[in-house]
Amino acid sequence: MSAPTAEEPWPVRTVARKIADWVNRLGTVWVEGQVTQISARPGTGTAFLTLRDPAADVSMTVTCSTQMLRGQEPPLADGARVVVHAKPTFYLNRGTLSLRADEIRAVGVGELLARVERLRRLLAAEGLFDPRRKRRPPFLPAKVGLITGRASAAERDVLANATARWPAVAFRVENVAVQGALAVPQILDALRVLDRDPDVEVIVIARGGGSVEDLLPFSDEALCRAVADCRTPVLSAIGHEPDTPLLDHVADVRCSTPTDAGKRVVPDVAEESARVRQLRDRARRALHGWVDREVRLLTQLRSRPVLADPITPLARRAEQVDSLVERARRALLARVAEERAALTATKARLTTLGPAATLARGYAVVQHTDADGTPRVLRSIEDATEGTALRIRLADGALHAVATGDREGEGS
């Protein structure tokens, strides 16, 4: 048959038949998934169930014999993990694809735990458990987002304990399925809603205790990665203390129980009030102690002589200044008297040695001129040669010229 064209298209039956041929050539396959819906009507030989991929929103219809379904031990229930050996079948009339199962194996707890452990190692290797990426929840969040089962004990525990500790706390509660096939998709939707809410500052995911199968959704890879990508800090409160789903390692804070989450998400108003009182008392004591120390310091400063009687040091300094001024005056007067006495003595010596004193005693000062015209003082009359002209200064200051040959004075 030639390829279809717009002028010669294939009819629907031909396309359906070709698809069926392609599917039939696939053969039998082993498929793992989670059972979400089981339908086995009485009186019918075929049972229907839906097999869902836990990590993605993908599901397929599986058909099997009612006898095989009822022979499962333990009986299959919603949320159970199974491995199915089936052959893909395409039904021409309905145009649907389903799996015709000839064997169904329930995945045991040991196998589930082994798979969880492999996923744990994978997420740890990627750094999703690294404490450095965990964020500290706010001390007092404006609004708390709570993801939990509807009317569950976990919801009551969280709300009751948080309200008892801080009555004004506000919650936004998102009720979801916390076990079974619908748990992971609903939790993911609620997580996205709360993470986008700007008023929600912290998110709590809470569930009470249960079996390993019941808590399996909280070890789902998609949920762990979604929590790791959240911008809002997430608190995990799943099961009891021994229960440690992978969500506990990815969340920013692990709470042992929902009750513990209610206590850790908000502070205790009584404890905080007592702490405020203690801090106020400590501040008051510290302030009083500081004031007392400063008062004592001021008292000590005021008791010092320089501050107790500030005039006396000034008066003492004034006395010292007056004394120094008097000493300076005396020293200056003594120096002036000293210099005056020295000047008087020098003047007396000059007077004694000068010609005026000689004349005052009745002596004369005789000057003569040598033959070469050099003026000289005559020490005695015998020293003068005959004919030498002399100048004699008498006591009255008059000059007389005499000649040595005359031996008597003659007015000049």
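Leaving aside neighbours within four places in sequence, Ala16 is in contact with Phe90 and Leu92, where contact means heavy atoms within 4.5 Å. Ala16 is found in helix α1, which covers residues 12–24; helices (H or I, at least four residues) and strands (E, at least two) are DSSP runs, numbered from the N terminus. At 11% relative accessibility, Ala16 counts as buried, the term being used for under 20% relative accessible area, with exposed for over 50% and partly exposed for values in between (1.4 Å probe, protein chains only).

The structure is a predicted model, in which local features need pLDDT of at least 70 and side-chain atom pairs count only at pLDDT 80 or more, while totals for chains, interfaces and linings use all residues. Residues are numbered from 1 along each chain as its sequence is written, and side-chain values use heavy atoms, with hydrogens and water left out.

**The chain as a whole**

The secondary structure of the chain comes to 12 helices and 14 strands. Of its 412 residues, 32% count as buried, and among contacts between residues at least 6 apart in sequence, 58% join residues at least 24 apart.

**The nonpolar cores**

A nonpolar core is a set of buried Ala, Val, Leu, Ile, Met, Phe, Trp, Tyr and Cys residues joined through side-chain atoms within 4.5 Å. The largest such core has 34 residues, of which Ile147, Ile203, Ile205, Phe218 and Val227 touch the most other members. At least two residues of this core are supplied by each of α3 (109–125), α5 (183–196), β8 (202–207), α6 (221–229), β9 (234–238) and α7 (246–250), and the largest share, six residues, comes from α5. Apart from this core lies another, of 17 residues, among them Val158, Ala206, Ala237 and Cys255. Ile147, once residues up to four places away in sequence are set aside, touches Glu174, Val176, Ile187, Ala190, Leu191, Leu194, Ile203, Val204, Ile205 and Ala206.

**The packing of α5 and α6**

Helices α5 and α6 pack at an angle of about 10°, with their axes 10 Å apart; axes are lines fitted to C-alpha atoms, for helices over the stretch in contact, and angles run from 0 to 180 degrees between N-to-C directions. The two helices, α5 and α6, are therefore roughly parallel to each other, since angles under 35 degrees count as roughly parallel, over 145 as roughly antiparallel, 65 to 115 as roughly perpendicular and the rest as oblique. On the α5 side the contact is made by Ile187, Leu188 and Leu191, and on the α6 side by Ala222, Leu223, Ala226 and Val227. The residues of this contact divide into seven nonpolar, no polar and no charged, with Ala, Val, Leu, Ile, Met, Phe, Trp, Tyr, Cys and Pro counted as nonpolar, Asp, Glu, Lys and Arg as charged, and the others, Gly among them, as polar.

**Pairs separated in sequence**

The table gives C-alpha separations for three further pairs.

| Pair | Separation in sequence | C-alpha distance |
|---|---|---|
| Val250 and Arg133 | 117 residues | 9.5 Å |
| Val266 and Arg165 | 101 residues | 7.1 Å |
| Ser65 and Gly45 | 20 residues | 5.7 Å |

Val250 has its place in helix α7 and, at 1% relative accessibility, counts as buried. Beyond neighbours within four places in sequence, Val250 is in contact with Leu128, Phe129, Arg133, Lys134, Cys224, Val227 and Ala228. Val266 belongs to the loop between α8 (258–264) and α9 (269–303), and this residue, Val266, is also buried, at 3% relative accessibility. Ser65 lies in strand β3 (residues 59–65) and is partly exposed, with a relative accessible area of 26%; leaving aside neighbours within four places in sequence, Ser65 is in contact with Gly45, Ala47 and Arg100.

**Cysteines and a positive phi**

A search of the whole structure finds zero disulfides, a disulfide being a pair of cysteine sulfur atoms within 2.5 Å. Cys64 is buried, with a relative accessible area of 0%, and Cys224 likewise counts as buried at 0% relative accessibility.

Most residues other than glycine have a negative phi. Phi of Ala151, however, is near 55°, a positive value in a residue other than glycine. Ala151 is found in the loop between β6 (144–148) and α4 (153–165), and at 61% relative accessibility Ala151 counts as exposed.
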